[in-house]
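Good morning, and thank you for making time for this presentation.

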Amino acid sequence: MYDFKMEDYNLMLRGHNLKATPQRIAILESIQNYGHINIDKLYEEIKKRFESISLATIYKNINAMTKNMLLSEVKIPNEKSVYEIVKEKHSHLACKKCGSVTDVDFNIDKEALRISKKYNFDIDQSDVVFSGTCENCKG
């Protein structure tokens, strides 16, 4: 995993037309540390550094960073969505027992293109989350 520095977060935010505030930098640091994190856990983490921050402020910043394609939302079946810093196209493994979310090198684009042609349907987005039990929970 890449070790980001404060300057990297500043550049990332500015590169996505967002102001580099201390709260946004803290959000990116937390997401980078966890890899994937839901809003509740993110709020717990940010609250340690900014005691007066509200949940609404976290949502507002997450929405702005998602809208500007700095973060992506990973929708987990029957769970809260988690957020990650945008990177190359990939899919996810979601453990039903411990809630861990892991990136996997699986790109659905070829299959999406095949389906798009077959059904004459313009696909804007295709995401895959494989649900099951992780190696740690199986033991």
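Let me begin with a definition: two rings of Phe, Tyr or Trp count as a pair if their centres lie within 6.5 Å, and planes over 60 degrees apart make the pair edge-to-face. Please bear in mind that this is a predicted model.

How many aromatic pairs does a search of the whole structure find? The search finds one. The partners are F106 and F130, whose ring centres are 5.5 Å apart; their planes stand at 70°, so the arrangement is edge-to-face. F106 belongs to the loop between β5 (101-104) and α5, whereas F130 is in strand β6 (residues 129-132), so the pair ties together parts that are 24 residues apart in sequence.

The largest nonpolar core has 21 residues, and the members that touch the most others are I27, L28, I31, L42, I58, I62 and M65. Which elements supply at least two residues each to this core? They are the helices α1 (6-15), α2 (22-34), α3 (39-49) and α4 (55-67), together with strand β3 (82-85). Of the contributions, that of α2 is the greatest, at five residues.

Setting aside neighbours within four places in sequence, I62 is in contact with I27, I31, I39, L42, L71 and Y83. Apart from this core lies another, of five residues, which include V74, V82, A94 and V101.

Finally, the surface, and helix α5 in particular. I115 lies in this helix, which spans residues 109-119. Together with Y119, F121 and I123, I115 makes a nonpolar surface patch of about 390 Å². I115 itself has a relative accessible area of 31%, and is therefore partly exposed.

D109 is also in helix α5. With a relative accessible area of 38%, D109 is partly exposed as well. Which residues does D109 touch, if those up to four places away in sequence are not counted? They are K89 and S126. The C-alpha atoms of D109 and Q125 are separated by 9.1 Å, while the two residues are 16 residues apart along the chain.

That concludes my presentation, and I thank you for your attention.

Notes:
Residues are numbered from 1 along each chain as its sequence is written. This is a predicted model: local features need pLDDT of at least 70, side-chain atom pairs count only at pLDDT 80 or more; totals for chains, interfaces and linings use all residues. Side-chain values use heavy atoms; hydrogens and water are left out. A nonpolar core is a set of buried Ala, Val, Leu, Ile, Met, Phe, Trp, Tyr and Cys residues joined through side-chain atoms within 4.5 Å. Buried means under 20% relative accessible area, exposed over 50%, partly exposed in between (1.4 Å probe, protein chains only). Helices (H or I, at least four residues) and strands (E, at least two) are DSSP runs, numbered from the N terminus. Contact means heavy atoms within 4.5 Å. Patches are made of residues with over 30% relative accessible area and no salt bridge: like charges are joined within 9 Å, nonpolar side chains (Val, Leu, Ile, Met, Phe, Trp, Tyr) within 5 Å. Accessible areas come from the Shrake-Rupley method with a 1.4 Å probe; for residues, only the protein chains shown count as cover. A salt bridge is a side-chain nitrogen of Lys or Arg within 4 Å of a carboxyl oxygen of Asp or Glu. Rings of Phe, Tyr and Trp (its six-membered ring) pair if their centres lie within 6.5 Å; planes under 30 degrees apart count as stacked, over 60 as edge-to-face and the rest as tilted.
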